[in-house]
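Trainee: Could we go through this structure by question and answer? I would like to begin with how residues are sorted into classes.

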Amino acid sequence: MDIRWIAKLKGEKEFLAAWENEKYDEKMRGEILFNAVSNNNAEERYKIVKLLLDKGYEVIWKNEEDETVLHVLLSRTQQNLEQTYQLCKAFIQRGVDVNAVDCKKRLALQYLVNMKFSDEELEPLYNLWLSQKNLCLEKKNNWGYSPIDIARKMPYRKKFIEKVERKIC
C-alpha cells in the first residue's frame, strides 16, 4: 500500500513499517502530511503527524481544495481536543495562515465553530485562534456566512460570540 494511504488509513505501527523518509521529495512529503492529518483515528493521527513534524515536514501546503492542514484537521469528526490543540498550535507556529480560505472561501475557523463540542471544551482552541494577530473573523464563505454568522445561529456558541465581541470592541 502507498505510504500516503497508510498515513490516512492506518496507525503509527503500520506507518513506521512502510515509511522511508529519505526517499520522498517535498511534494510527496506534503501529500503524506495531508493524508496523515486526514486520518480519522484521532490517536493515530496525532502520533503520525507529530512524527512528521518532528522530522521537519513542511506544513505550509494547500491541497486540491485549497485547504490548509488546519482546515483538514478541524474538519475531522473524531477529535481528541488536547491533541487537536497541540497540532493546531504547532501548525500556526510553523506559519500556517489562520486566515487562509479554501475553494469555497471557508476559513478553518468555520470548522472549529461547527465542531460538536461545547464552548467550554473548545475554549483552548478559541483562545489560540483569538490570540492571532490580524485574525479575520468576518470573511464570508461562498454561501454568504462568516464563522461569526454561523456561530450566532447556534445555541451552543454563546461563549464564543462573547469572546469574539470582546476582541472586536
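Mentor: Ala, Val, Leu, Ile, Met, Phe, Trp, Tyr, Cys and Pro count as nonpolar, Asp, Glu, Lys and Arg as charged, and the others, Gly among them, as polar. Keep in mind that the model is predicted.

Trainee: How many nonpolar, polar and charged residues are in the lining of the largest pocket?

Mentor: The largest pocket has a volume of about 290 Å³. Of its 14 lining residues, the closest to the centre are Glu 31, Phe 34, Asn 35, Asn 63 and Glu 64. Sorted by class, the lining has 3 nonpolar, 4 polar and 7 charged residues.

Trainee: Which helix gives the most to the lining of the largest pocket?

Mentor: Glu 31, Phe 34 and Asn 35 are among the residues closest to the pocket centre. The helix that gives the most to this lining supplies 5 residues and covers residues 26-37. That is helix H3.

Trainee: Why is H3 described as largely enclosed by the rest of the structure?

Mentor: Buried means under 20% relative accessible area. In H3 the buried residues are Met 28, Arg 29, Gly 30, Ile 32, Leu 33, Phe 34, Asn 35, Ala 36 and Val 37. What covers them includes helix H1 (3-9), helix H2 (12-18), H4, H5 and H6. H3 is largely enclosed because the buried residues number 9 of the 12.

Trainee: Which residue has a side-chain oxygen that reaches to the backbone nitrogen of Lys 27?

Mentor: The contact is at the start of H3. The oxygen comes to within 3.3 Å of that nitrogen, and it belongs to Asp 25.

Trainee: Which residue caps the N-terminal end of H6?

Mentor: H6 covers residues 81-93. At its N-terminal end, a side-chain oxygen lies 3.1 Å from the backbone nitrogen of Glu 82. The residue that supplies this oxygen is Asn 80.

Trainee: Which helices do the buried residues of H6 pack against?

Mentor: The buried residues of H6 are Leu 81, Gln 83, Thr 84, Tyr 85, Leu 87, Cys 88, Ala 90, Phe 91 and Ile 92. They pack against H3, helix H4 (42-54), H5 and helix H8 (119-130).

Trainee: Which helices each supply at least two residues of the lining of the second largest pocket?

Mentor: This pocket has a volume of about 170 Å³. Its lining includes Leu 74, Ser 75, Tyr 111 and Asn 114, and by class it has 4 nonpolar, 4 polar and 2 charged residues. The helices are H5 (69-75) and H7 (108-114).

Trainee: Is Lys 105 buried, partly exposed or exposed?

Mentor: Most residues other than glycine have a negative phi. Lys 105 has a positive phi, near 65°, and is found in the loop between H6 and H7. With a relative accessible area of 46%, Lys 105 is partly exposed.

Trainee: What is the relative accessible area of Asn 134?

Mentor: Asn 134 also has a positive phi, near 60°. Its place is in the loop between H8 and helix H9 (147-152). Exposed means over 50%, and Asn 134 is exposed, with a relative accessible area of 70%.

Methods. Residues are numbered from 1 along each chain as its sequence is written. This is a predicted model: local features need pLDDT of at least 70, side-chain atom pairs count only at pLDDT 80 or more; totals for chains, interfaces and linings use all residues. Side-chain values use heavy atoms; hydrogens and water are left out. On a 1 Å grid over the protein atoms alone, a cavity is a set of points where a 1.4 Å probe fits but cannot get out, and a pocket is an open set with protein on both sides within 12 Å along at least five of seven lines; lining residues have an atom within 4 Å of a point. Grid points are joined across faces, edges and corners, and a volume is the space filled by probe spheres set on the points. Helices (H or I, at least four residues) and strands (E, at least two) are DSSP runs, numbered from the N terminus. The expected span of a helix is 1.5 Å times one less than its number of residues. Buried means under 20% relative accessible area, exposed over 50%, partly exposed in between (1.4 Å probe, protein chains only). Contact means heavy atoms within 4.5 Å. A polar contact is a pair of N or O atoms within 3.5 Å; within protein, one must be able to donate a hydrogen and the other to accept it, and residues adjacent in sequence count only if both atoms are side-chain atoms.
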